[in-house]
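Here are some exercises to work through with the structure in view. Try each one yourself before you read its solution.

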Amino acid sequence: MDDKERVAVITGGGRGIGAAAGLRFIKAGFHVYFADLNFIRAQQFVESLKSFQSHAHPLSLDVTSDDSVMEAIDIVGKKHGHINVLINNAGITNQQPTVETSVSDWQMMIDTHLTGAFRCSKAAFPFLKGATDASIINVSSIAGAMGMPIRASYCAAKAGLEGLTRSLATEWSKDGIRVNAVAPGWVLTDLIQKDLDSGLVSEELLSSRISLKRLGKPDEIGEVMFFLASNASSYMTGQVLRVDGGLSIDLNPGNVNAVRTNS
Ligand SMILES: NC(=O)c1ccc[n+]([C@@H]2O[C@H](COP(=O)([O-])OP(=O)(O)OC[C@H]3O[C@@H](n4cnc5c(N)ncnc54)[C@H](O)[C@@H]3O)[C@@H](O)[C@H]2O)c1
């Protein structure tokens, strides 16, 4: 086993935040497995990386399937002998009034975001244990700490993921594995573009409520993931880093004159 060869697996790595994060890790010398339900998407992304292709590997993986997760993680673990970084990033959205949400839709959301992270972490554990600077990064959302109408299952799944992050951090610290989470605000990816195109959300309105007055870019989340996997965060575990342009810290969004002193 050559533990100098650093290996990262990113679920949902075929596009968006996962793809951007993967490129960041490749630039730092990692071998990155872009593990996606949509294998062709992962393959096309890898092909687009041109000079970085030697370190980029598409991988077919469905986080909702025990067999698929075991098989995919095993391929990587057995090939390299270890996995240094697992990023549980695969995600879907589902906007539905709660009274119209079926139990199967609810379960799909929990299965993808929460159980998927549990499944992948459990499968990767033997390969993370003992690897240099081993770390898991779970991709939560500000929805893990804040509420949103018509997204109860998403908010519940992300809140659960933050609980899983803290628990695994306490349990696996003895195995040399740090577990942290990143919680993005609105980030311009295909996932959000769909909502912008349908008029469900407006970029102008969203931006007006964000302290930095714009949506985030996928590579801005990738940078924070890289920080969480690097030695620069060696004393951090069980933490959730909110990367939201100030969206979750503003009590009076968009109104800088809201609090005036009496004169
Ligand atoms: N974009 C945002 O504004 C935002 C904000 C907060 C959190 N997030 C979270 O970031 C993560 C990535 O989001 P994104 O915006 O890049 O989304 P995206 O839709 O662009 O990419 C998600 C990827 O996950 C893959 N995927 C879906 N189900 C899967 C499964 N069962 N197994 C494996 N792969 C699967 C998709 O094929 C897709 O390639 C998600 O967990 C999302 O909840 C996104």
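Two residues are in contact if their C-beta atoms, placed from the backbone, lie within 7 Å. Keep in mind that the model is predicted.

**Exercise 1.** Find Pro58: is this residue buried or exposed, and which residues is Pro58 in contact with, leaving aside its neighbours within four places in sequence?

*Solution.* 
- Step 1: Locate Pro58 in strand E3, which covers residues 56–60.
- Step 2: Count the C-beta atoms around Pro58; 21 others lie within 10 Å.
- Step 3: The cut-off for buried is 20 or more, so Pro58 is buried.
- Step 4: Skip the neighbours within four places in sequence, and the contacts of Pro58 are Phe34, Phe39, Ala42, Gln43 and Val46.
- Step 5: Pick out Phe39 from that list. Phe39 and Pro58 are 19 residues apart along the chain, yet 6.9 Å separates their C-alpha atoms.

**Exercise 2.** Look at strand E4 (residues 85–88): which residues lie on each side, and which strands do bridges join to E4?

*Solution.* 
- Step 1: Start from a general rule: in a regular strand, side chains alternate between the two faces of the sheet.
- Step 2: Now sort the residues of E4: Val85 and Ile87 are on one side, with Leu86 and Asn88 on the other.
- Step 3: Check the cover. All four of these are buried, and both faces of E4 are covered.
- Step 4: Turn to E1 (residues 7–11), which runs parallel to E4 and is joined to it by three bridges. Here Val9 has Leu86 as its bridge partner.
- Step 5: Go on to E5 (residues 134–139), also parallel to E4, with four bridges between them. In this pair, Ile87 stands opposite Ile137.

**Exercise 3.** Why does the radius of gyration of the protein chain agree with that of a compact globule?

*Solution.* 
- Step 1: For 263 residues, a compact globule would come out near 18 Å.
- Step 2: The protein chain has 19 Å, so the two agree.

Methods:
Residues numbered from 1 in each chain as written. Predicted model: local features only at pLDDT ≥ 70, side-chain atom pairs only at ≥ 80, totals over all residues. Buried ≥ 20, exposed ≤ 12 C-beta atoms within 10 Å, placed from the backbone. Helix = DSSP H or I, 4+ residues; strand = E, 2+ residues; numbered from the N terminus. Pairing = 2+ DSSP bridges. Rg over C-alpha atoms; globule rule 2.2 N^0.38 Å.
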